[in-house]
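Here is a quick tour of a structure, written for someone who likes to check things against the coordinates. Have a look at the sequence and the model first, then read on.

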Amino acid sequence: MGEVASCSEIPVKTIRYYEEIGLLVPATTRSESGYRLFSPSVINRLAFIKRAQSLGLSLSEIQELLKVHDSGELPCGAVKQHLLLKVEAITQQIEALEILKSELLGVLSGWQEQPAGNRIAQTICPNIQSLTNE
């Protein structure tokens with residue numbers, strides 16, 4: 001387990017978790033001293049998991065892709081679909097952030113260091129709140 005963790009640069013605890021949730025097939029063979037023995041393909045699988053996560057895929061999405069691979073098919077088409085959905089989601093997030101940025105700049109452009117007294121009395125921060133009777 002330690003050697004696999006070292007080679008993959010993934011902590012032992014994480015590898016155990018991946019085994020627990022089914023991303024990795026649990027090691028069934030052990031060395032004479034009782035250590036788990038993993039097949040060399042585990043390093044490749046961990047590299048795939050790590051890269052897929054770095055591209056924004058969730059563990060459940062990765063598990064779905066690994067099932068395709070484990071059934072003997074190449075999951076590249078499914079990976080592409082997931083990545084296209086990620087790009088779409090990021091585009092929507094960018095648009096929402098641009099709207100928020102615009103709103104913030106609008107608030108800041110009308111900022112008053114000393115708002116009118118009636119506004120101070122009726123709001124917590126008059127610069128970001130409007131009066132209920134306005």
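## A walk through the model

E9 is exposed, with a relative accessible area of 63%; here exposed means over 50% relative accessible area, buried under 20%, and partly exposed in between (1.4 Å probe, protein chains only). Before going further, note that this is a predicted model, where local features need pLDDT of at least 70, side-chain atom pairs count only at pLDDT 80 or more, and totals for chains, interfaces and linings use all residues. Residues are numbered from 1 along each chain as its sequence is written, and side-chain values use heavy atoms, with hydrogens and water left out.

Back to E9: this residue sits in the loop between helix 1 and helix 2 (12-21). Helices (H or I, at least four residues) and strands (E, at least two) are DSSP runs, numbered from the N terminus. The phi angle of E9 is near 60°, a positive value in a residue other than glycine.

How many aromatic pairs does a search of the whole structure find? It turns up one. The partners are Y17 and Y18, whose ring centres are 6.5 Å apart with planes at 50°, so the pair is tilted. For reference, rings of Phe, Tyr and Trp (its six-membered ring) pair if their centres lie within 6.5 Å, and planes under 30 degrees apart count as stacked, over 60 as edge-to-face and the rest as tilted. Y18 is buried at 4% relative accessible area, while Y17, at 39%, counts as partly exposed.

Now for two of the helices, side by side. The expected span is 1.5 Å times one less than the number of residues, and the arc is that of the directions from the helix axis to the C-beta atoms.

In helix 3 the buried residues are V42, R45, L46, I49 and A52. Viewed down the axis of helix 3, they fall within an arc of 130°, so they line one face of the helix. N44, R51 and S54 are exposed on the other side of helix 3. R45 is buried at 14% relative accessibility, and its C-alpha atom is separated by 29 Å from that of T91, 46 residues apart along the chain.

Helix 4 has E61, I62, L65 and L66 buried. These cover an arc of only 135° around the axis, which puts them on the same side of helix 4. On the other side of helix 4, S60 and K67 are exposed.

Last stop: the second largest pocket, with a volume of about 160 Å³. On a 1 Å grid over the protein atoms alone, a pocket is an open set of points where a 1.4 Å probe fits, with protein on both sides within 12 Å along at least five of seven lines, and lining residues have an atom within 4 Å of a point. Grid points are joined across faces, edges and corners, and the volume is the space filled by probe spheres set on the points. The lining includes M1, F38 and P40. Which element gives the largest share of the lining? Helix 1 does, with three residues.
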